[in-house]
Structures are given as structure tokens and as C-alpha cells.
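Q: Hey, I've just opened this one and I'm new to it. Can you walk me through it?

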Amino acid sequence: MTESNLQVLLRRRPKGAPVAEDFEVVETPPPVPQEGEVLVRHRFLSLDPYMRGRMSAAKSYAKPVDLGAVMEGAAVGEVVASRAAGFAPGDTVMNSFGWQRFAAVPAARLLRIDPAEAPLSASLGVLGMPGLTAWVGLEDIGQPKPGETVVVSAASGAVGQVVGQLAKLRGCRVVGIAGGAEKCRFVTEELGFDACVDHRGALDAQLEAVCPEGIDVYWENVGGAVQAAVFPRLRDFARMVMCGVIAQYNVVEGADSFGGPPGPNLGAVVRKRLRIQGFIVSDTGWPRYAAFRREMLGHIGAGRLRWREDVVPGLHRAPEAFIGLLEGRNFGKLVVAID
Ligand SMILES: NC(=O)c1ccc[n+]([C@@H]2O[C@H](COP(=O)([O-])OP(=O)(O)OC[C@H]3O[C@@H](n4cnc5c(N)ncnc54)[C@H](OP(=O)(O)O)[C@@H]3O)[C@@H](O)[C@H]2O)c1
């Protein structure tokens, strides 16, 4: 093979917000697949907030990326050579191949995708880990009932856009929270949420106006000031789905304060009989992937589910795109078109 492999490595661990110098883009020869492996050429790479955690050595639910190693991430692509039974050149596959053009991957780590079902990149978003996150978190924790009010933060993003639409399909009134008028317009007009408020404006007053009776399910993607504004509006027996707190990911490790507003008074958890539960999609999600994908393809086929992607061309631009994700510069599911 004449084409080189392009890879993005973790050069150093960020202090606070990541910067371009924390990454290094290198060209290497493509890997040679061993017995039981296939060589995959990636078409799209997914950029996700969890990757900030993998850049840090702080203890977490998953092991960090080693310094000098390829950044971790899911990708979809095509098999170009196979030394594994059951896979042949031309097959479309997905898994955590990392920020690189080529990867030699054990066959057991591959998920086969039917490219006729949906655009390839959708398997990294609405039909991938973010969509599965929305589906699992609503099923297991949010459990929205018809007529309830569901509030979703980072509503125009990869997870948020699916959460809100699934809650609408379950008969709920859905309110998004997003950054800026354009994202809010997309959330209501394109995705069909009942309302959307801009967290850059006076969030307290806006929430009071659109949720006068309070909130039954809060889908937390953001934390910080957004959480502080939502929490007092939770109704008795509300569920708070703790999916992520992206506003807090760049807090310097070891610091004893997020530098944001003081945390909520957790006495309300008792008084209001709230249920607050965190989850990680990989705990229970992937064994249910087939059922999830079937339901989602049904909604897509019937025109009930829409999504927006933010496609960045060129793997070398992945570091700046990822830095932008943590600043809210993406608009929709962030993916990199590798070439
Ligand atoms: N628990 C799990 O298994 C799991 C799985 C996947 C994702 N997640 C979490 O789900 C959340 C959303 O992930 P995603 O992939 O869907 O990302 P995303 O929403 O597509 O992109 C991130 C969005 O977060 C918002 N944001 C970024 N920095 C912010 C800040 N400082 N303050 C307020 N908002 C900020 C921005 O939207 P606005 O401009 O609208 O503010 C930005 O566009 C993240 O917290 C992620 O870690 C958890």
C-alpha cells in the first residue's frame, strides 16, 4: 500500500482547556494486519466530550490514553484487507479505532454496519454511541410519561437532539437549552421541541416562562450554571438523568472548586423525592444495540427523527475541532471526514 497512515497522538496532558500543542499529527506507514485482524480505512471519526477525560490521568471509569499513543475514538470505515474469517474487503465496520486513517483491528472488536441503511456518519451519531446514550438513559432513568415536561441541556448536540425527539415520541412536552438563537431555532423548528431557551441569556427567567409548572425529567449534559438554574424547578418525583457535565470538563485536576456557582441544596432531593442517577452508556448499552438500531431505523424510515451533523474535513483538523466542542463551537454531532 502506497498511502501513508495519518495519526493524531496525545502529546501531553492538558492543564485546563486543551490546546493544539497537546496533540501531534504524524504520518506513519499503514499497519499490517496480523492473523485474526482486518485492515480498516476510516471514512469518519467521531469527536465526543468523553475524550477530554481520556486525556487526563485522573482516576475515572476508563483508562486514560497513554502519552504518545493514538487518541481514542470511534470511527466508521471500510475493510481494505482481511486476515479474519467473516470479513472481506469492502465490508463497512465501526468500532474504537482511534484518530487515524488506517487501523489493524482484531475482528472481535468490529461491528458490521449495513451502509444501505443510513449515511455512514450516522452510525457515529444518531445511530451510534450518542443516540444509544439517549435511548438507554431515557429507558432506564428518565422514564418519561406522556404529558410530562422534559428539559434537555446541550439540546442541539449529538445526545440532546435524540433525547428530545425520543421524549416527544413518548408524548412529552420537551424544552431544550442551547447556546444561541440559531441553535434554539434549529431545536424548535427542525427538531420539533416545544420550546428552547438560550443559556447565554437570563436562564432563570426564561425557564420560569416556559416551565411554569416545573420539570419532571431533566437530562443533564452540561452542569455548572445551567444545572443551578434547572435544579430548583424540578417537581416532586422528578428524575435527573446525569449524562454529562461538559461545562466542568476543563476544570484543572486537583482544583477544589469548579469556579461556578455553589452546588444545589441537596435537601430538595429528600423533600421532593427526586431521583438523580448517573450512567455510562457502555455499562449496559452495547448488548442492546440491535434493538436500539432497529427502533431508530424505524423512526428514520417513517420521517419521525431528524439530526444535524457538523462535519469537519481532514483528520489534521481533529484537534482544533475537539477544542471547539468543549467551547460549544460545534452545531450538531461533530464528526471528522478523514480525507
Ligand atoms: N454518560 C454517557 O455514557 C455519555 C455518552 C455520551 C455523551 N455523554 C455526555 O453528554 C453530553 C453531550 O455530549 P454530546 O456528544 O452530545 O456533545 P454535543 O452536545 O454535541 O456538544 C457539546 C455541546 O455542549 C455545550 N457546551 C460545551 N461547553 C459548554 C459550556 N462550558 N457550558 C455550557 N454548554 C457547553 C455546547 O452546546 P451549546 O452551545 O448549546 O451550549 C456544545 O455544542 C456531554 O456532557 C458528554 O460528556 C455522556
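Q: How many residues of domain 1 are in contact with domain 2?
A: Keep in mind this is a predicted model. In it, 22 residues of domain 1 touch 15 residues of domain 2.

Q: OK, on to the ligand. Why does it lie between the domains?
A: Because domain 1 and domain 2 both give residues to the shell around the ligand.

Q: Which residues come nearest to the ligand?
A: There are 27 residues around the ligand, and the nearest are Lys183, His199, Tyr249, Val281 and Asn330.

Q: You mentioned His199. What does its side chain do there?
A: A polar side-chain atom of His199 sits 2.6 Å from an oxygen atom of the ligand. Backbone atoms come in too: an N or O of Val281 is 2.7 Å from a ligand oxygen, and an N or O of Asn221 is 2.8 Å from a ligand oxygen.

Q: How much of the ligand does the protein bury?
A: 90% of the 910 Å² that the ligand exposes when taken alone.

Q: What's the shell made of, by class?
A: It has 17 nonpolar, nine polar and one charged residues.

Q: Which helices supply at least two residues of that shell?
A: Helix 2 (129-142) and helix 3 (158-169) each do.

Q: Switching to the backbone: what's the phi of Phe237?
A: Positive, about 65 degrees, even though Phe237 isn't a glycine. Most residues other than glycine have a negative phi. You'll find Phe237 in strand 12, residues 234-242.

Q: And what about the phi of Arg273?
A: Arg273 is another non-glycine with a positive phi, about 55 degrees. Look for Arg273 in the loop between helix 7 (267-271) and strand 13 (275-278).

Notes:
Residues are numbered from 1 along each chain as its sequence is written. This is a predicted model: local features need pLDDT of at least 70, side-chain atom pairs count only at pLDDT 80 or more; totals for chains, interfaces and linings use all residues. Side-chain values use heavy atoms; hydrogens and water are left out. A residue is near a molecule or strand if one of its heavy atoms lies within 4 Å of it. A polar contact is a pair of N or O atoms within 3.5 Å; within protein, one must be able to donate a hydrogen and the other to accept it, and residues adjacent in sequence count only if both atoms are side-chain atoms. Accessible areas come from the Shrake-Rupley method with a 1.4 Å probe; for residues, only the protein chains shown count as cover. Helices (H or I, at least four residues) and strands (E, at least two) are DSSP runs, numbered from the N terminus. Ala, Val, Leu, Ile, Met, Phe, Trp, Tyr, Cys and Pro count as nonpolar, Asp, Glu, Lys and Arg as charged, and the others, Gly among them, as polar. Domain bounds come from an automatic or database domain assignment. Contact means heavy atoms within 4.5 Å.
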